[in-house]
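Visitor: I have a chain open here and would like to talk it through with you. Could you go over it with me, starting with the whole and then moving to single residues?

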Amino acid sequence: MIRVNPERFLKDLHHLRSFGAAGVGKGVVRPAFSPSDVEARQWLAAQIEAAGLRPHFDPVGNLFGLTEGPSLLVGSHTDSQPEGGWLDGALGVIAGLEIARAAHEAGGPPVSVVSFQDEEGRFGVTTGSAIWSRNLALEVADRQTDRSGLSFAEARRVMAPMAGDFVDPSRFAGFLEMHIEQGPWLFEAGEAVGVVTDIVGIRDMRITFEGEQNHAGTTPMHRRRDAFQGLARFNALINERFRNVVTPSTVWTIGHVALHPDAHSIVPGRVVFSMQWRDGVSDRLYRMETIIRDTAEEVAREAGLDLSYGEMLGLEPVPMDARLRAALCASAGAVAPGRWREMQSGALHDATNVARLMPAAMLFVPSINGISHAFAEDTDEGELVTGLEVLAGAVARLGG
């Protein structure tokens with residue numbers, strides 16, 4: 001048995017929030033490699049050392065707390081969205097720290113902890129764990145930029161004085177990640193925890209419609225090559241054409257819309273937007289891509305627009321490891337009988353990448369009103385502790 005200390009766990013979780021605390025409620029602004037992110041990582045490294053583990057930064061800012069010899073790895077990430085909450089990622093890291101610390105105090109089982117860098121995608125998609133898992137080449141990541149044009153290579157230089165080599169993943173027997181659900185299902189059902197069955201796949205690309213910029217008062221409607229009208233038509237058609245392909249758990253989003261020249265008296269000559277879609281079946285993701293491309297080509301042809309695409313980004317659906325899942329289910333049944341479920345993750349997590357290297361599994365706790373990626377993100381502290389105890393019980397089972 002691993003006897004965790006709930007008061008210590010919650011104190012650390014609240015203290016981590018102080019790095020980049022912002023907005024109302026428990027909001028956090030802690031983007032990857034920002035001053036608040038670096039300061040939080042340095043604080044976390046000190047807590048790791050005090051817990052009897054060896055802190056280690058790798059070349060891209062991933063922070064590990066390492067035990068001697070083989071161990072389980074438990075953690076998540078501590079960077080935030082541009083306007084984020086106090087639990088997204090941070091919960092999994094501090095839960096990992098508390099379990100590693102409690103296990104060390106008890107004389108085992110051996111547990112290491114990790115805080116991956118740039119999970120929130122300032123420079124890409126789960127950048128730190130993608131590089132560590134060899135799903136993304138470092139030289140490719142270094143060329144990726146944030147919205148201001150800063151490159152990943154430039155940003156990570158701030159960590160250079162602390163950085164060592166990449167940690168050998170073969171030293172870990174498996175990976176467990178605890179996270180807020182970020183959706184409404186557990187909260188609406190009044191359930192305490194969810195054991196993740198699989199993480200959906202994701203696709204993301206930029207689409208550009210290029211029309212003709214012209215005077216908004218003197219250009220007749222029949223003469224216009226309005227890029228925004230192309231986007232509006234595309235959106236309406238996509239929603240209709242997906243209807244017989246998708247399931248209730250499939251999602252898609254148009255975002256990052258940039259109109260040029262974005263003025264009220266000018267017919268927009270260009271629109272650039274992101275198209276993202278998620279599903280648990282690779283074949284369905286491919287079928288959706290075909291519909292997207294066919295529809296964009298049809299809209300461009302009918303509206304007299306030029307069409308181009310950016311690079312396709314994404315990850316395949318990832319099933320969680322059966323043995324690790326079974327340990328989480330057994331612990332959930334013991335700690336929260338009748339108040340847990342197995343469920344799919346609609347959000348992307350570091351476990352997606354780590355599963356390429358070793359067995360991986362995830363545990364969810366409820367998000368109040370299903371809110372995340374917002375200052376209003378929160379979870380009842382009693383349910384945070386319940387999740388911690390379920391995770392500790394699973395680690396004990398796996399360590400035994």
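Visitor: Charges to begin with: how far apart are the mean positions of the positive and negative charges of the chain?
Guide: Bearing in mind that this is a predicted model, the mean positions of the 36 positive and the 51 negative charges lie 2 Å apart.

Visitor: And what is the secondary structure, in numbers of helices and strands?
Guide: There are 12 helices and 16 strands in the chain. The radius of gyration is 23 Å, close to the 21 Å that the globule rule gives for 400 residues, so the chain is as compact as a globular protein of that length.

Visitor: What share of the residues is buried?
Guide: Buried residues account for 54% of the 400 in the chain, and the accessible surface comes to about 16,700 Å², with 50% of it belonging to carbon and sulfur atoms. As for contacts with a separation of 6 or more, 78% are between residues 24 or more positions apart.

Visitor: Switching to strands, how many residues of S3 are buried?
Guide: Strand S3, residues 71-77, has seven of its seven residues buried, so it is largely enclosed by the rest of the structure.

Visitor: Which strands does S3 pair with, and in what sense?
Guide: S3 runs parallel to strand S5 (residues 172-180), to which four bridges join it, and it also pairs in the parallel sense with strand S4 (residues 111-116), over six bridges.

Visitor: Which residues stand opposite each other there?
Guide: On the S5 side, Leu-73 stands opposite Phe-175, while Gly-75 has Val-114 as its bridge partner in S4.

Visitor: New topic: where is Thr-127 found?
Guide: Thr-127 belongs to helix H4, which covers residues 127-132.

Visitor: Why does Thr-127 count as buried?
Guide: Thr-127 counts as buried because its relative accessibility is 0%, and the term applies to values under 20%.

Visitor: Which residues does Thr-127 touch?
Guide: Leaving aside residues up to four places away in sequence, Thr-127 touches Gln-117, Asp-118, Leu-136, Ala-141, Gln-144 and Phe-152.

Conventions: Residues are numbered from 1 along each chain as its sequence is written. This is a predicted model: local features need pLDDT of at least 70, side-chain atom pairs count only at pLDDT 80 or more; totals for chains, interfaces and linings use all residues. Side-chain values use heavy atoms; hydrogens and water are left out. Helices (H or I, at least four residues) and strands (E, at least two) are DSSP runs, numbered from the N terminus. The radius of gyration is taken over C-alpha atoms; the globule rule is 2.2 Å times the number of residues to the power 0.38. Buried means under 20% relative accessible area, exposed over 50%, partly exposed in between (1.4 Å probe, protein chains only). Contact means heavy atoms within 4.5 Å. Accessible areas come from the Shrake-Rupley method with a 1.4 Å probe; for residues, only the protein chains shown count as cover. Lys and Arg count as positive and Asp and Glu as negative; His and the chain ends are not counted. The place of a charge is taken as NZ of Lys, CZ of Arg, CG of Asp or CD of Glu. Two strands pair if DSSP finds at least two bridges between them.
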